[in-house]
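Dear colleague,

Please find the structure below, handed over for your study. My findings follow it.

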Amino acid sequence: MQTLNIRIYGLDRIQSLETTERHFLLPADFDAREFFASCFGIIVDLQCPVERVLVRATSEQSNYLRTLPLHATQQEIKRNEKESVFAYRLRPTFDFMQELRKYADAVEVLEPQWLRERILTDALSVCRLYGAADGTAASGVTADGESVGMHDRYSEGGRL
């Protein structure tokens, strides 16, 4: 079996182009839509298997995900007034994990377990970075988001 050596370039990263005499012949049976179907973005990691990913989202974040789905395979499989669960069938690559991280505590990975653990490990690393290994950040905010005198500190420093 011949493997495709497809190269993917971010157009926003290209600084200059030059034409050459080298040519590339795209296989007649290549289907870009099919090639990228299980990808979140443009990262195609064929070593990363396609998996079912379940994500629980707050009701507010669920509204956003309904109007702007993360992936074509997105299905809302559970919904109540407080939260929704969305299912995806894709390769959970680095760019997908980055997308999940950006939602912070508004989304929670339910499965697969390895992805849940990876996001947790990353979250704990961020807590350590901000001095919050014990659940309280150096800024005076507890892990559950409750402020501990932060407003007073900022208003005294003239930063509000």
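The largest nonpolar core has 16 residues, and those touching the most other members are Val53, Leu65, Leu70, Tyr88, Phe96, Leu100 and Leu115. Such a core is a set of buried Ala, Val, Leu, Ile, Met, Phe, Trp, Tyr and Cys residues joined through side-chain atoms within 4.5 Å; buried means under 20% relative accessible area, exposed over 50%, and partly exposed in between, with a 1.4 Å probe and protein chains only. At least two residues of this core come from each of strand S1 (51–58), strand S3 (83–90), helix H3 (94–102), strand S4 (107–111) and helix H4 (113–129). Helices (H or I, at least four residues) and strands (E, at least two) are DSSP runs, numbered from the N terminus.

This is a predicted model, in which local features need pLDDT of at least 70, side-chain atom pairs count only at pLDDT 80 or more, and totals for chains, interfaces and linings use all residues. Residues are numbered from 1 along each chain as its sequence is written, and side-chain values use heavy atoms, leaving out hydrogens and water.

Beyond its neighbours within four places in sequence, Tyr88 has contacts (heavy atoms within 4.5 Å) that include Val53, Leu65, Leu70 and Phe96.

The protein chain comprises 5 helices and 4 strands, in the order α-β-α-β-β-α-β-α-α from the N terminus. Of its 160 residues, 25% are buried.

As for confidence, pLDDT (the predictor's confidence in each residue, from 0 to 100) has a mean of 84 over the protein chain, with 80% of residues at 70 or more. Over residues 148–160, however, pLDDT stays under 50.

Yours sincerely
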